[in-house]
Amino acid sequence: MAFTLNRRSFLQAATAAALAVPLAKVVSAETGVVKTPIDPKGTFEDKTVTGGICEMCFWRCQLVGKLRDDRLVKLEGNPKSIDNGRSICARGNAGIKYLYDPDRLKYPLKNVGKRGAPVWKRISWDEALNECGTRLKGVVDKYGPHGISVFPHGSSAKYPMHFFERTVGTHNVSEASFFQCRGVRDTAYLATIGKAPGEFVDMPNAKAIMLLGGHMGENVHVSHIKQYIQGLQNGAKLIVVDPRYSASAAKSDIWVQIKPGTDTAFLLAVMNYLVKNKKYNAEFVDEYGDGFDEFAEAIESWTPEKAAAECDIPAAQIKEVAELLAANAPHVAIHPGRHVSWYGNDFQRQRSLACLTGLLGAYYTVGGWVPAKNPKVGGTSWKKKEANHEFNLNMDKEEEPIYPFSPPGTPTELIRDAALTGKPYAIKGCVIWGQNPIQTIPGQEKMKKVLEQMDFVMCVDVMPTDATMWADILLPEVSYLERYDLIKTGTQWDFSKEQQQYIAARMPLVEPMFERKDQVFITNAIAKIMGYEKDIPVKSIEELVEKDLAVAKLSLAQLRKEDGIHLMPGKDPYQMPEDFEVIFFNEDLEDYGFPGAPTYIPVEQPPKGYARLLYGRVPVHTFNRTQNNVWLHFAMPQNPVWINDEVAQKIGLSDGDTVELVNSEGFKSKTTTVVKVTPGIRKDSVYMAHGYGSMNPLMSVGVKAGIDDQSLITKISVDPETGAHGMRNNFVKLIKDGKVLDIPA
Amino acid sequence: MQYAMIIDLERCVGCHACTIACKAEWEIPVEFGRNWVYRLGPKQLDGTMASTYYPGLCNHCTEPACVPECPADPVERTFTSAKTGETVKMEVAATWKDPFDGTVQIDKSRCLGCGACAEACPYNARYVNPDLVDDVSSDGKADKCTFCQPRLLAGLEPACVQTCITGARIFGDMTDPKSEVSAYIKKGAKGIEATGGSLGPNVYYFGKAKDIKLLFNDSTPEVADLEKARKRAMFAKLVKPAVQKAGQIGLLGAAGTLLFQDRNKV
């Protein structure tokens, strides 16, 4: 065993504090020593509790818990689920280690040290809430509501976000899920088909599936993976476009090893080939398309040869992809992607994907893009007020939007720049709720300066993430296993099966421990102190959920009776809405000064001696959120940096070597990781999993494990249409034994 | 009958749900596992790129290398067929191959914790769990995948099979020609036989030819050096006679108990 005793003792210490021996104890009469049955008895005879909804990631599988002496000993998929079924992923299975993580926040804390170098003092909830309420009110009184910025993430952050956005009245909300993740995708599809696309591709029934950067297997959402694998099992051809031989590339029929940043050129060439060779679905385009002629003209220079040179792939492969798609159209699943904040030219790529789907006639058709028809529930929250553009940083002096296709909220850089310059106004209050902006947003040092200049910073979280080190007041939140909140709705994952819908409300599987509280309790208390008592929409989170369920003529009591999941007949998802259209050439875009047809915008290439830093996921982690989970940590304790084998040989690196990274702006990683030498990555790029390298010493398992890719993403790219970040425009060298190694061209 | 498991690598996405579910079900210490998932590649194979996974567990071999190495004194044990209720008596040490369901099992209350069985297994499917100690052994107890026998007896699937998100783990009786397991074996699913051995592993792998080739190239072990296992067993026999006695008593009286050692004090 390569593990030292120290390591073992450490890991045990990390788990044992919260891990009361779950086995029944027996005291021996002769010796007096405590004895327990030698064979663990398994959890299958323990009491089953229903109503859980997972939030180890944001797919939200439906759970049951196994309860032994009031402790949760195992989580499983709810057998009644038509979504994840009895399955849950590694993270879902490790949920109990999150729940009982001894490093979890337990009490309200006040920072009596400095932001970034906190000294924590335990305080009462009264004192903590009073401090948050009065300090935030102080900011509002002095600077106006727009003096407050909010960085929310996750289902529990919605209620407080709405309070600050709608009731207090600040536009300055930066949701990571929009500005650092999928916002570009949603607004690009809105500008093309009038709808955010979700990941609604009917993969189980597709004849061909195309993933652009999607690395399913490394990225895991249970029912989505079921769809993907069912599609492949049914014989779908898989096209994977990725600079790296990803988990999906390994299952592909065609792997397009594209040069990073050039995806749009590739897509334009595929589309142009379909148009030029009349292999697109002309009937569909005639009926549902808008601006096709302008579109066709705008992309006509994109021959396979031109794109091949730009993308560094064979022209024949571009034709092969186009032919494969055409041959299987319209039953092709062009995946819209999920995390798409890559290069700052992403809106155009996402528009291209939406247009390609249209050319193939692959909307609302078997195997194409088909949105699930979910049942309706309520959306109780703080009352919406009339739209008001005063103090909206995304509006210029002429009241024109700066980023007209911005997702909801305000683009992160606008908020940060205002905070740092005080122009056009000061931002002096900060509410961080479930987000970790230090390891989510590019420009870590910039983010720290933004937080340092605040009059007041409050954080609400489950774990002591790196961002929490910048809080003045840090509040402990109940986890997804201890609270009510979200209502998950959906359908069966394979549309070829009987159409069904489900409604499942998150219900606690165990009582909260220590002094952890939920989002409604915390938000309402702060609202009261800030003078908004009359606006409070609900007294408790239970009341909120009851109201939302009542819309579907359901209640928590009824759901409990139904083992946590209400099933009902579904609707035909393939039926196309009457007003559906695909806008190939968008005049609104042109009016705003952007190209009306999808357009390729080249990105900066690595300077001599550097490789582009690419990042992605591993199946056992959700960004940084799960890094301190002892089971998941042990499964993948660091994030090896992938480097091309020929490059590695030239610069003297071997598999398993320990390295540091330094980027072209001189930022060096604070920690180390190991090298994975493989032919499965391009020579101009290196790759690592995102979310590692926590620096908060309170995360005793995850701290300094691997390298934080975000600390090396310092060059800030912003997508011009949306204001969302692009995060793959940073260039790095590797350092071994203190020696900086140039990446050969 | 012979229980067997299929790992369908066409379906497997390497997500580790199986390993973590097993940890939860059987309270496995953090740094050990009764099963594992290794990522193989990406590497060049016959001029093409390949990458797959090695999801491994105890093979419940037809001729297990581990069972004969157990130095615990043999005792008579009665086995009952879960299917027919039929019983049979067998002399067994602290580990055996079940005559009815074909699984390989351990009696932890009689295990000396010597690790000879773990040494004998070419697949590294056994480990000594240092948390499980009693009067018989302060070194811990051998532990490994049981094919979730207690769950099977309760009419359930193995925990890893239940949680597998893509249905890549298929479990059943390979002697039943109508089982899905048999169908896979007919389709060409293969066990990873150790080089130089004829153990007859009963975990079978199915997948694309290049993935299977990568798996077998990278993950086929040599048979274990039994000398090492035997030295361990011998040593245990020499130094633990008293313990074995205690073990016998344990079997009669306080069967199935152990001392929970608080390792945090170490």
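Reader: Leaving aside its neighbours within four places in sequence, which residues is Phe266(A) in contact with?

Author: This is a predicted model. Contacts here are pairs whose C-beta atoms lie within 7 Å. With neighbours within four places in sequence left aside, Phe266(A) is in contact with Val241(A), Val256(A), Ile258(A), Ala307(A), Cys311(A) and Ile318(A).

Reader: Which residues have the most contacts inside the largest nonpolar core?

Author: The largest nonpolar core has 298 residues. The residues with the most contacts inside this core are Phe266(A), Val270(A), Met271(A), Val332(A), Val457(A), Val686(A) and Ala17(B).

Reader: Which helix gives the largest share of this core?

Author: The largest share amounts to 10 residues. They come from a helix of chain A that covers residues 263–276, namely H8.

Reader: Where do the buried residues of H15(A) fall, seen down the axis of the helix?

Author: Helix H15 of chain A covers residues 444–452, and its buried residues are Gln444(A), Met447(A), Val450(A) and Leu451(A). Seen down the axis of H15(A), these residues fall within an arc of 115°, so they line one face of the helix.

Reader: Which elements do the buried residues of H15(A) pack against?

Author: The partners belong to chain A and include a helix, H14 (412–421).

Reader: Why does the radius of gyration of chain A agree with that of a compact globule?

Author: The C-alpha trace of chain A spans about 85 × 60 × 55 Å along its principal axes. A compact globule with 745 residues would have a radius of gyration near 27 Å; the value for chain A agrees with this, because it is 26 Å.

Reader: How many Å apart are the C-alpha centres of domain 1 and domain 2 of chain A?

Author: Chain A is divided into domain 1 (109–180 + 377–483 + 513–563), domain 2 (199–370) and domain 3 (611–741). For domain 1 and domain 2 of chain A, the distance between the C-alpha centres is 37 Å.

Reader: In chain B, which residue in the turn between E2(B) and E3(B) has a positive phi?

Author: Strand E2 (residues 35–45) and strand E3 (residues 48–57) of chain B pair in the antiparallel sense over 9 bridges. In this pairing, Gln44(B) stands opposite Met49(B). The two strands form a hairpin with 2 residues between them, and the residue in the turn with a positive phi, of about 50°, is Asp46(B).

Key:
Residues numbered from 1 in each chain as written. Chains lettered and ligands numbered in written order. Predicted model: local features only at pLDDT ≥ 70, side-chain atom pairs only at ≥ 80, totals over all residues. Domains from an automatic or database assignment. Buried ≥ 20, exposed ≤ 12 C-beta atoms within 10 Å, placed from the backbone. Helix = DSSP H or I, 4+ residues; strand = E, 2+ residues; numbered from the N terminus. Arc of directions from axis to C-beta. Contact = placed C-beta atoms within 7 Å. Pairing = 2+ DSSP bridges. Rg over C-alpha atoms; globule rule 2.2 N^0.38 Å. Core = buried A, V, L, I, M, F, W, Y, C linked by C-beta atoms within 7 Å.
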